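Biologist: I'd like to learn how to read strands and disulfides in a model. Could you take me through them one by one?

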Amino acid sequence: MKRSTMILGAVLVLLFLVGGHCMRIVAQACEPSGDVRGRKPPPGQCNTENNSDCCKQGKLYPVYKCSPQVTSNTKAVLTINSFQKGGDGGGPSECDNQYHSDDTPIVALSTGWFNHRQRCFNNITIHGNGRSVVAKVVDECDSTAGCDNEHDYQPPCPNNIVDASKAVWKALGVPESDWGGLAITWSDA
């Protein structure tokens, strides 16, 4: 009886450990939560500054409510965004409802990383092109919606985007001809 109880206990502990590990793997996965169907922008809509994409009529774009887990070395794609009035960023920043100079190192993070404004005004450290820069989070790169007037008829952001001002790109020493998409890592500063 004692031996069978010990074996049963060991099996239960093993199942608990394996089950917990599997749940962590599932919790870290970030799959699309749906799609947005593209709409053709009305004439004069969709600012293409910084080579921004405009939605294509009928195309399905994935949306995400999550982003990959943040670590001390989070992999991401650095994109370029104008935070100034009239820029391709659309409206004012989510954190303060203000526009910001593109000469300031600032970023917008994908929805999951933005985390319901929890990272507003926090600094992050971005590593890329053999350099690093500290930038302030002022906006969300919306991964949950797009292809509408509010989002300047641009597609939803992927879930792994750090959308950065020109100042960030300059600080990383990336030649202007290469601005647009760069594999980086980042962490909370």
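Biologist: How many bridges join strand β5 to β8?

Modeller: First, the general idea: helices (H or I, at least four residues) and strands (E, at least two) are DSSP runs numbered from the N terminus, and two strands pair if DSSP finds at least two bridges between them. Here, four bridges join β5, residues 123-128, to β8, and the two run antiparallel. Within β8, W186 is the bridge partner of I126.

Biologist: Before we go on, what kind of model is this, and how are residues numbered?

Modeller: This is a predicted model, where local features need pLDDT of at least 70 and side-chain atom pairs count only at pLDDT 80 or more, while totals for chains, interfaces and linings use all residues. Residues are numbered from 1 along each chain as its sequence is written, and side-chain values use heavy atoms, leaving out hydrogens and water.

Biologist: Which way do β3 and β8 run, and how many bridges join them?

Modeller: Strand β3 (residues 74-80) and strand β8 (residues 182-188) are antiparallel, joined by five bridges. K75 stands opposite T185 of β8, and V77 has A183 as its bridge partner there.

Biologist: In what order do the strands close into a barrel?

Modeller: Six strands close in the order β3-β7-β4-β6-β5-β8, with mixed pairing. From one strand to the next, the twist averages 45°; such angles run from 0 to 180 degrees between N-to-C directions, with axes fitted as lines to C-alpha atoms.

Biologist: Is β8 mostly covered or exposed?

Modeller: Buried means under 20% relative accessible area, exposed means over 50%, and partly exposed lies in between (1.4 Å probe, protein chains only). β8 is mostly covered, with five of its seven residues buried.

Biologist: Now the disulfides: how many does the structure hold?

Modeller: A disulfide is a pair of cysteine sulfur atoms within 2.5 Å, and this structure holds five. One of them joins C30 to C66, S to S 2.0 Å. C30 sits in the loop between α1 (2-28) and β1 (34-37) and C66 in the loop between β2 (60-63) and β3, so the pair ties together parts that are 36 residues apart in sequence.

Biologist: Why is the disulfide of C30 and C66 right-handed?

Modeller: Because the torsion about its S-S bond is about 100°. By contrast, the link of C46 and C54 is left-handed, with -105° about the S-S bond.

Biologist: Is C30 buried or exposed?

Modeller: C30 is buried at 15% relative accessible area, whereas C66 is partly exposed at 25%.
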